[in-house]
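Biologist: I would like to learn how to read a structure like this one. Can we go through it feature by feature?

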Amino acid sequence: MRDRRKPAVIKFIIRRVLLSIPVIFMVATTTFFIMRLAPGGPFMSEKAIPPEIMANIQSKYGLDQPLLVQYGRYLRNLLHFDLGPSYKYPERTVNDIIIAGFPVSLELGLAALLFALVIGIPAGVIAAVNHRGLADHLTMAVIFFGISVPTFVVGPLLIFLFSLVLYWFPPGLWGSPEQLVLPAITLGLPYSVYVARLMRTEMVEVLEQDYIRTARAEGVGEFRILWKHALNGSLLPVVSFLGPAVADLVTGSIVVEKIFAIPGLGRYFVDSAFSRDYTVVLGTVLFYAILLILANLVVDVAYRVLDPRIEYS
Amino acid sequence: MESVNKFILLLLAPSSVVLAACGPRSEYFGNVEPPAGNVFRFTVGAEPEYLDPGRSTALYDARVSVLLFEGLTAKDPRTLRPRPGVAERWDISEDGRTYTFHIRKNALWSDGHPVTAHDFVYSWTRVLDPKTGARYAGYLYAIANAEAFNQGKLKDAAQLGFRAIDDSTLEVRLNAPVPYFLYLTAFETYCPVPRRVLERYGDHWTDPSHIVTDGPFLLREHRPHDRLVLERNPSYWNAQELRIDRIIAYVVDDQYTATNMYEAGMVDWLPYGGGGIPPDFLPYMRGRFRDLKTFPLIATIYYDVNVARPPLNNPVVRRALSLAIDRREITDGLLRAGDLPASNFVPVGFPGYPAPPPPEYDPKRAAALLAEAGFPNGRGFPELEIVTPPDRRKVAEAMQQLWARNLNLHFSIHSEEFASFLKRAYSHDFDLASSRWIGDYLDPTTFTDLLESTNANNFSGWKNPDYDRLVAQARLELDPVRRLNQLHEAETLMLAQAPVIPFYTMAANELVKPYVRGIYPATWDVLPLNFVSIDHQWRAHAGQKEAGRD
Amino acid sequence: MSTIAQTVLDTAPLGTSPWSAVRRRFFGDPLMVVCAAVVVVVMAASLLAPWIAPYPFDAIDLKLGASAPSFAHWMGTDTLGRDLFSRCLYGGQISIAVGVVGTLVSLIVGVLYGAIAGYRGGRTDELMMRFVDLMYSLPYLFLVIILLVFFSSSIVMLFVALGLVQWLTMARIVRGQVLSLKNAEFVQAARLAGTRAAGILFHHLLPNMTGPIVVYATLTVPSVILQEAFLSFLGLGVQPPRSSWGTLISDGAGVMGLFPWLVSFPALILAAVLFSLNFLGDGLRDALDPRTHR
C-alpha cells in the first residue's frame, strides 16, 4: 500500500506544478496588459516635467519601446526571477521590496492565526459542552457578531481605546512586540470566529460518540474526557482549516496593514497600484499567485496523505 | 438632544469611556510626555522616492534630503531664506548673470573628503545628463546651456555654464539675471552628491551602508515604509549649531494614523504634508489646542477652466463663474482649516509684490454677466463637469451648490484618483479641473510663469501674447521694483480673462508638542531641523515666554 | 465566508421535501423571525428611500456641518451637513444592490457551470473542475483591486468584479449535487423518456437542489456586501456623492472620537443585516441538514 502511494503523491505534485505554470503565465499576462491600458503613468507628477526629460526617463526604463517588445522582455526577465527595479522607488528593486515586505505580512498573519486559535478553540469547546445552553447561545451570538463587524471598524475602535485613551499600545507602524498586538487581534478576530464554529460543530458530534459515552459510564472525569478524548477527535477539521487560512490571512492583511500603517507587502501592493508602479504591482501579484498555488498544493497533498480514500486525479 | 447624545455614547460604549477620560478641555492634543533622551521624532509623510537629492521631487523626499545634504547656500532654519552653506561667500557680477561661489575649507563629506567645486560640477552635470532622467532637471535651466544639454541638443558638457576655477571656487553663468538664484542653490536638485560612492554602488548608493553625505545629519537606518533614523553629523562644518542628537522620521502617509501617532505621543511634530491632519479634525481642533499651528503657505487652490470648450471659451462666462463664488463660505464655512479666501492667483507673502485686494463676490453682477453672455438665469447652459482628485471633492461639492444657487448652473463632479486626474489635466480633458500650485521659491514668477503659453502646467490652455510679453520682459528686468510691477500687470491682465478661478491661499496646519523648540512656519519649502531641541522641563518653563512660532 | 460555504458542501440535503423542516425551524426560533424581519425592514426602507428619506442624500448644509443626532436629523449629519439617516437609506440601495447583483452573477455563472460539468461528467467535468481549482489559486482580491484602480471604479465594474469572485464555490456545490442526483431513478426515467439534457437539468435536477443553492446564495449576499465595504475602505467602492454602507463606515471610522454617530449608525445597520443574513443562512442549512433532525 505505502509503496504505491509515494510515487502517486510525487506524480500528483509534479502534475500540479506543471499545471500551475500556465496559471502564472496567465496572471503575468493579464496584469501586464491591464496596467498598460489604463490611464496615467508611473512618472506623473503635479509639477509638469518637460517632455524631453519625460522621454529620457521613459527610454531609461524601456517604456518607449512597443508594448509587445516590453512584454517579451518582461517575460524573459521573469524566467531569471528578475522582477526589475521599482519605478517609484528606483533605489530599490522589486525583489528587495518583496523581501522586505513579505516577512512582515507573514508575521502578522501568523500572529493573527495564533490569536484565532487561542480564542476560537476554547470558545468552541465551551459552547459545545453547554450545547443549547446559555453559554452556547452567548458564544454563538458573539461569533455572529464577530462575522458581522468588519475589520475596518474593529481596528480603529481598538486604536481609539488602547492607543489614544489608555496609551497602552502604539497606534501603528511595526517593529516592536507591542506594535503586533492590536493588528493581530483585528486581523485574527473573524478567523477566531470560524475556528470556534468549526470546533463547536465537531465537538457536539464527538461528544455524542459511543466511546465518549463509554468513558463517561466508566467514571472518567469530565475535564479529562474533554482534554484527552474529545479535543483530539474534533481538532482535525480545524487543522485542515489552517492551510487555506494562512494563505487567506497573508493576502487578507491589506486592510489591516493600511489601518495600522504596517510596512507589509499588502500595503506595498495597494500603494503601487495607485501610483502606477507597474513592476511592483506585477511582482507582488505574481508572488501572491505563486504563494496561493503553493498553499493550495500543500493542503491538497496533506488531505491526500491524511485521508487515503481520496484518489489522485 | 442631550439624551439622544447619551444614547449614542451608550451604543458606542468604548468611545464614551474615551470622551470622559480625555476630559472636555485639554490644552494640548493628546500625550505631552517628552521622549526619553535627546531625540526628535516626526512624520515624513509617504515613503521618500529618492534620498538622492539630484533626483528627488516630492515634498517627503525633501524633508529627508534637507537633513542629509547641503548645497552652496542653505535654507535658514528660521526663515528659509538662503544663508551661506557649503559656500561661505559669493560674488555676483554687475549684470546679475555670473555668480562666483567660494567654498569653505571645512566643508566635509561624511567619509572625510572635502567638498569641492568639482563635486558641484559633477553633480550638476549628472542632473542635467539626459541619461539620468532627473525629473527636476528643469530647476537648473537658469544656468547657461543647461536646457539644451538636458534635452540632448548640446552634447558637450564642457559648454555648460559652470566650471571649477579651483577646488574651492565655482563660477556659474546664468541665461538671465535670476534674482532668486540663491534660493535655487539651496534647493535639493542643486546639492552635491559624492561621485566615488555613486560610481561604486549605482542606484543603490543611498543605502545606509553606502551613503555619504555633507549635511547636518547622517543616515543610520532606513526601514522602507516604516522609518528613517538619523544622527547628528559631528563632521558637519556647522555642527555646533545642532541641538538634537538623533532624529526618527516615521513614514506614514495615512492622515488618521499620523494624527493618532501624534496624539498617542509617538511623534513630536506632525509637519505639513507629513501624513497630515484629517480635514474633518481641523474645525474641531482650531482654537482648542495650543499645539495646533496654522500659517498660510505660498500655495493657491484654483480651478483651471478649459478655454477651448464652449461656452467656457467666452471670458465673460468665466468671469461670471468666478464672481458667483462666495470664497469666504468655502474657507470659513466648509473647510475651517485656516485657508485664506483669495481671488488672486499669486498668494500673499511675496516681499515687495502688491498685496491682493479682498476676495471678490458679487452674485448679482455674475448673473448679469451670464445673461450678457447669452445664458439668462442659466438657460441654455450645458451641464459641465468638474474633475477633481478625491481630497478636493468637498470643495467641488460646495462649488456645485454655490453655482446652482447663484447662477442656476448645474455641474457634475467627477472625482478621479490622483494619477488619472493628472492624466486628464495634462491632456486638457476636462471642463473645470481642480488644481493646486505650491510655489518653489520666494518670487512671484513661481506663479506667473505657470500661465505662459508654453508652460506644461498651464492646463487651461489659455494663450495670451500680451501676458507672455510682460512675463518675458520681467525676466530680463534688473530693477526689482519695475520687475514686480510688470509681473503684477501680467497677473491683473490674466485675472480679467479668468482662465483660472482662484479660491483660496492654502494654509498649513501642523502639530508641535509643547516641549519642542525650534520649529518655525515653513511657507514654501521644507524646514531644516538645525535649531530643533527638546525641552524636557517644559512644564517648569511653561510660565516663561514660549519659544518658537506663534 | 468561504468556510461557511464549504460546510454547505458537506451537508447536502437528501430529503425530497426539505421546506417543511425549514418552516418548522423558522417559526420555532423567534430569533429567526427577528432576523428575517430585520432584513425585510431594512431592504424595504432602502428601496423606498426616495419616499421616506427626509432629505436628499446629497443635500449639503455647510453652516450646519457635523451635528449630533437631533429631532431634525435623528442620526445626525456628516461634516458636509448631510442627513445621515437619508444617506444610510440611499447607501442601503447601493449595498443591497451590490450584494444581490453580485450574488445573481455568481448564481447564474456558478449554477450553469457546475451543472454542465456535473452532468457531462468524465473528461469535460475533469477539465472544467480543474479550471475552477486553478481559479481558486488566483489572488482574486488583488486582481479586483487592479481592475478597480486602473479602470476607475464604476458600479457596474463592482458588480462584475465581486460576482466573478463568488461563482467558483457555487459551481462546486452545484456540480456535487448534480453528480449525486444524476443517477437517481427519476432522472433515469426522464432520460429514458427522451428528455434532452437541458430539459433534465432545468426541470428535474435544478428544482431538486434549490435547498443548497438558496442556502449558499443567502450566505453569499452578506459576503459580497462585506467585500464591497472592504473595497470602499480602500477607496475603491462607489464614488461620491453616492455612498454605500461601506463608504459611510469608512468615512466615519476615522472621526470616531469626534463624531461617534457617523460610524455607529451605518456600522450598526451593516452589522444587523450581515448578522441576520448569516443567521438565516445558517438556520436554513441546519434545517436542511439531515444530521440535525435525525
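Biologist: Which residue stands opposite Phe217(B) in S9(B)?

Modeller: This is a predicted model, so keep that in mind throughout. Phe217(B) faces Arg232(B) of S9(B). The two strands are S8 (residues 217-223) and S9 (residues 227-232) of chain B, paired in the antiparallel sense over six bridges.

Biologist: How many residues lie between S8(B) and S9(B) in the hairpin?

Modeller: Three residues separate S8(B) from S9(B). In that turn, His225(B) has a positive phi of about 60 degrees.

Biologist: Now the other hairpin. Which residue in the turn between S4(B) and S5(B) has a positive phi?

Modeller: Gly96(B), with a phi of about 70 degrees. Five residues lie between S4(B) and S5(B) in this hairpin. The pairing is antiparallel, over five bridges. Within the pair, Arg89(B) stands opposite His102(B) in S5(B).

Biologist: What is the strand order of the open sheet in chain B?

Modeller: The order is S4-S5-S7-S6, four strands with antiparallel pairing. Strands S4 (87-92) and S6 (162-166) of chain B are at the edges. Each has a single partner strand, so one side of each lacks a neighbour in the sheet. From one strand to the next, the twist averages 20 degrees.

Biologist: How many bridges join S5(B) and S7(B)?

Modeller: Five bridges, in the antiparallel sense, between S5 (residues 98-103) and S7 (residues 169-173) of chain B. His102(B) stands opposite Thr169(B) in S7(B).

Biologist: Next, helix against helix. What do I look at?

Modeller: Two packed helices are described by the angle between their axes and the distance between the axes. Take H5 (residues 84-120) and H13 (residues 260-288) of chain C. Their axes come within 11 Å and cross at roughly 35 degrees.

Biologist: Is the crossing of H5(C) and H13(C) left-handed or right-handed?

Modeller: The crossing is right-handed. H5(C) brings Leu84(C), Cys88(C) and Gly91(C) to the contact. H13(C) meets them with Trp261(C), Leu262(C), Phe265(C), Pro266(C) and Ile269(C). The residues of this contact divide into seven nonpolar, one polar and no charged.

Biologist: Why is H10(B) described as largely enclosed by the rest of the structure?

Modeller: Helix H10 (residues 315-323) of chain B has nine residues, and seven of them are buried, so the rest of the structure largely encloses this helix. The buried residues are Val317(B), Arg318(B), Arg319(B), Ala320(B), Leu321(B), Ser322(B) and Leu323(B). What covers them includes strand S12 (292-305), helix H12 (363-372), helix H13 (393-407) and strand S17 (500-512) of chain B.

Biologist: And a loop residue? Where does Pro356(B) lie?

Modeller: In the loop between strand S13 (340-341) and H12 of chain B. Pro356(B) has 19 C-beta neighbours inside 10 Å, so it counts as partly exposed; a residue is buried at 20 or more. Leaving out residues up to four places away in sequence, Pro356(B) touches Ala342(B), Asn344(B) and Val348(B).

Biologist: How do I read the interfaces? How many residues of chain A are in contact with chain B?

Modeller: 43 residues of chain A, against 45 residues of chain B. Helices H2 (51-60), H6 (151-165) and H11 (265-274) of chain A each give two or more residues to that side. H6(A) gives the largest share, seven residues. The chain A side divides into 26 nonpolar, seven polar and ten charged.

Biologist: How many residues does the contact take from chain C and from chain A?

Modeller: 33 from chain C and 37 from chain A. The residues on the chain C side divide into 26 nonpolar, six polar and one charged.

Biologist: Last, confidence. Which element of chain A has the lowest mean pLDDT?

Modeller: Helix H9 (residues 222-252) of chain A, at 71. Helix H4 (residues 94-129) of chain A has the highest, 88. Chain A averages 80, and 90% of the residues score at least 70. Where pLDDT is low, the predicted coordinates should not be read in detail.

Note on methods:
Residues numbered from 1 in each chain as written. Chains lettered and ligands numbered in written order. Predicted model: local features only at pLDDT ≥ 70, side-chain atom pairs only at ≥ 80, totals over all residues. Axes fitted to C-alpha atoms, helices over the stretch in contact; angles between N-to-C directions. Left-handed = near helix turned anticlockwise from the far one by under 90°. Contact = placed C-beta atoms within 7 Å. Nonpolar A, V, L, I, M, F, W, Y, C, P; charged D, E, K, R; others polar. Pairing = 2+ DSSP bridges. Buried ≥ 20, exposed ≤ 12 C-beta atoms within 10 Å, placed from the backbone. pLDDT = per-residue confidence, 0-100.
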